[in-house]
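Here is a briefing on one protein chain. Look over the structure first, then read the points below.

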Amino acid sequence: MPPIPIRFPASALIIVDVQNDFCPGGALEVSKGDMVVQPLNRLASLFASKGGRVVATQDWHPAGHVSFASSHEGKKPGELTHTARVKEQILWPDHCVQGSQGARFHQDLDTGPVNLIIRKGFRGGLDSYSAFFENDLQTSTGLDGFLKSLSIDALVLGGLAADYCVLYSALDAAALGYKTFVASDAVRAVDIPEGSAERAMKLLGEAGVIIAMSKEFE
Ligand code: VGL
Ligand code: ZN
């Protein structure tokens, strides 16, 4: 396959939530989630060597966060509820609690090339999947301003989980006008509820997001 032309320095790699709690053994384990680490390390070193930017996001919830099933009486992980801020909130096991081991990046993720870390979901009452906006679809994380101020117009995304944080980050990126790519071998899905992995691929395609193997960027 011919390489996908990525222009530097006008491109950024967005590494989404490669944290222990989303990796095998973690609280909200994504099957084989750690498989994303090697392709992301390769992409990060490529981007850094060409003058592109590398951003990592970190799910960063306070104890008792609204997205935790344990915060809602009688609710179990996987069930839905609504909150003061959003109509539909899927409930998760407690995960990525601020400062915990589970919230740290996977130990093999090379954070050397990372220029900016965006933490999200740090307000007790509001969840955040996208790297750009929290789930009220209004509260900005600041990432768009960072990228636009550097004249970055193309993004390659990878990380966890393909059907939540990567999906909503890529959809927002496309809606904000970035040429948006997802590196297919650098993502893994939780697939909760079942079918959400397939739905994610469909939504990405409809939004004009290009899905390609990480090797195609090299
Ligand atoms: C995520 C569920 C809850 C993710 C974060 O990183 O995809 N999923 N919090
Ligand atoms: Zn979360």
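The protein chain carries 19 positive and 25 negative side chains. The centres of these two sets lie 5 Å apart. Lys and Arg count as positive, Asp and Glu as negative, while His and the chain ends are not counted. Each charge is placed at NZ of Lys, CZ of Arg, CG of Asp or CD of Glu.

**About the model**
- This is a predicted model, where local features need pLDDT of at least 70 and side-chain atom pairs count only at pLDDT 80 or more, though totals for chains, interfaces and linings use all residues.
- Residues are numbered from 1 along each chain as its sequence is written, and side-chain values use heavy atoms, without hydrogens and water.

**Fold**
- Four helices and eight strands make up the count for the protein chain.
- Helices (H or I, at least four residues) and strands (E, at least two) are DSSP runs, numbered from the N terminus.
- Their order along the sequence is β-α-β-β-β-β-α-β-α-β-α-β.

**Core**
- Of the 218 residues, 52% are buried, meaning under 20% relative accessible area with a 1.4 Å probe, protein chains only.
- The largest nonpolar core has 61 residues. Such a core is a set of buried Ala, Val, Leu, Ile, Met, Phe, Trp, Tyr and Cys residues joined through side-chain atoms within 4.5 Å.
- L13, I15, L155, V156 and F217 touch the most other core members.
- α1 gives the most to this core, with six residues.
- Beyond its neighbours within four places in sequence, I15 is in contact (heavy atoms within 4.5 Å) with residues including L40, A44 and G158.

Technical notes:
Chains are lettered from A and ligands numbered from 1 in the order in which they are written. Buried means under 20% relative accessible area, exposed over 50%, partly exposed in between (1.4 Å probe, protein chains only).
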